[in-house]
Amino acid sequence: MVLSALPNEVAWPIEGKLLEAGLNVISNASPERMNPRIPLINPEVNWEHLGILREVKGNWIVKNPNCTAAIISMPLKPIQDLIETLHIVTLQSVSGAGYLGLSYLAIDGNVIPFIKGEEEKIDAELNKMLGRQYPDKFEPWGKSIYVTTTRVPVKYGHMAVIHAILNKDVDVNYVINRLRSFKSLPQERELPTAPREPIKVINRVDAPQPARDLDPMAVSVGRVAIRDRVLRLVALGDNLVRGAAGITILTVETMKVLNIL
Ligand SMILES: NC(=O)c1ccc[n+]([C@@H]2O[C@H](COP(=O)([O-])OP(=O)(O)OC[C@H]3O[C@@H](n4cnc5c(N)ncnc54)[C@H](OP(=O)(O)O)[C@@H]3O)[C@@H](O)[C@H]2O)c1
């Protein structure tokens with residue numbers, strides 16, 4: 001198996017050749033993430049989607065989600081049945097653009113309220129990961145997700161301010177309990193890379209902060225509040241580990257316990 005972290009522009013032709021050469025691929029790059037025959041996997045969120053690989057004859061490719069979609073999908077998963085519509089504003093670190101992605105002069109002491117292609121990816125990928133995979137068809141989640149992405153002068157860690165319009169009245173403690181108690185297959189099977197607590201709800205009033213609360217694989221959540229059926233929460237995750245390298249390893253571990261490898 002090949003774990004690919006190639007740049008988006010060159011990834012697909014090379015990954016296609018690897019498949020032709022008889023190898024299986026898990027890829028961080030964005031091309032073909034929305035292909036309904038290719039699973040897009042964040043293990044805690046949608047490990048069940050890996051099931052379609054059992055039907056694949058020959059080699060397969062699995063895609064990792066966009067780093068921000070990987071982080072945001074985690075706190076949405078345990079409350080997705082309560083959500084009608086989502087409004088998201090991200091604050092994304094410079095490392096998310098890659099080593100040569102952004103010049104120091106462009107970002108030092110600055111905020112850039114645009115990341116090419118990112119808003120469309122987050123909307124589409126959240127709808128794919130939170131959707132349902134059947135043996136013969138795929139059903140996206142089907143929610144309207146309004147996203148504004150910004151690049152901020154922080155080295156590591158992507159943050160998102162999420163406002164969810166809820167479909168019924170619920171108490172904020174009910175939501176917090178669901179987030180805190182969320183566990184999925186990687187936790188149940190105690191996979192080596194799985195965080196024991198995938199969603200860390202932090203009580204401190206000024207949490208989460210990249211400098212204080214960044215966890216490699218868990219998503220830190222703070223500022224949870226509900227008013228007028230609008231839930232607000234702030235999520236923070238490690239774009240390089242949960243959003244890229246770590247999620248790849250956890251996907252391999254998940255496939256191993258599912259006997260797909
Ligand atoms: N950064 C993140 O937060 C993040 C999160 C999730 C997903 N991703 C995705 O992960 C991938 C890599 O991102 P990155 O941030 O690590 O980018 P990066 O810092 O620009 O690194 C890209 C790497 O790919 C190598 N490379 C470039 N062209 C190649 C080729 N033709 N054959 C073999 N190797 C080649 C480069 O090698 P040289 O240095 O020798 O040129 C470099 O090591 C991208 O698809 C990106 O979208 C990134």
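Helices here are DSSP runs of H or I with at least four residues, strands are runs of E with at least two, and both are numbered from the N terminus. The structure shown is a predicted model.

Figure 1. The relative accessible area of T248 is 5%, so the residue counts as buried, the cut-off being under 20%. Two polar contacts of its side chain are in view. One joins the side chain of T248 to that of N64 at 2.8 Å. In the other, the T248 side chain reaches the backbone oxygen of A244 at 2.7 Å. With neighbours up to four places away in sequence left aside, the contacts of T248 are L3, I26, N28 and N64.

**Figure 2. Close-up of N28 and its contact with N64.** N28 is placed in the loop that runs between β2 (25-27) and α2 (43-46). N28 is classed as buried because its relative accessible area is 17%, against a limit of under 20%. The side chains of N28 and N64 are joined by a polar contact of 3.2 Å. N64 also has a side-chain polar contact with T248, at 2.8 Å. Apart from residues up to four places away in sequence, N28 touches S4, A5, R33, N64, G243, A244, A245 and T248.

**Figure 3. The ligand in the largest pocket.** The pocket that holds the ligand is the largest one. A polar backbone atom of L6 is 2.7 Å from a ligand oxygen. For S95, a polar backbone atom is 3.1 Å from a ligand nitrogen. For Y99, a backbone N or O atom lies 2.8 Å from an oxygen atom of the ligand. The ligand taken alone exposes 910 Å², and the protein buries 53% of that area.

Figure 4. The loop between β1 (2-4) and α1 contains L6. L6 has a relative accessible area of 28% and is therefore partly exposed. In sequence, L6 and A29 are 23 residues apart; in space, their C-alpha atoms are 6.4 Å apart. A29 is also among the contacts of L6, together with A11 and I14, when neighbours within four places in sequence are left aside.

**Figure 5. Helix α3 and its start.** Helix α3 spans residues 67-76 and is mostly covered, with 10 of its 10 residues buried. The buried residues are C67, T68, A69, A70, I71, I72, S73, M74, P75 and L76. At the start of α3, a side-chain oxygen of N66 comes within 2.8 Å of the backbone nitrogen of T68.

Figure 6. V89 is 87 residues from I176 in sequence, and the C-alpha atoms of the two are 21 Å apart.

**Figure 7. Backbone geometry at P208, E190 and N259.** Most residues other than glycine have a negative phi, and most peptide bonds are trans. The peptide bond from A207 to P208 is cis, and its omega is near 5 degrees. P208 is in the loop between β9 (199-201) and α8 (210-213). E190 is not a glycine, yet its phi is positive, about 50 degrees. The loop between α7 (185-188) and β9 holds E190. With a relative accessible area of 69%, E190 is exposed. N259, also not a glycine, has a positive phi of about 60 degrees. N259 is in the segment after α9. Its relative accessible area is 63%, so N259 is exposed, the cut-off being over 50%.

Definitions and conventions. Residues numbered from 1 in each chain as written. Predicted model: local features only at pLDDT ≥ 70, side-chain atom pairs only at ≥ 80, totals over all residues. Heavy atoms only, no water. Buried < 20%, exposed > 50% of the residue type's maximum accessible area, 1.4 Å probe, protein only. Polar contact = N/O pair within 3.5 Å; in protein donor to acceptor, adjacent residues only side chain to side chain. Contact = heavy atoms within 4.5 Å. Areas by Shrake-Rupley, 256 points an atom, 1.4 Å probe, with all protein chains shown as cover. 1 Å grid on protein atoms, 1.4 Å probe; cavity = no way out; pocket = protein on both sides within 12 Å on 5 of 7 lines; lining within 4 Å. Sits in = over half its atoms within 2 Å of the grid points.
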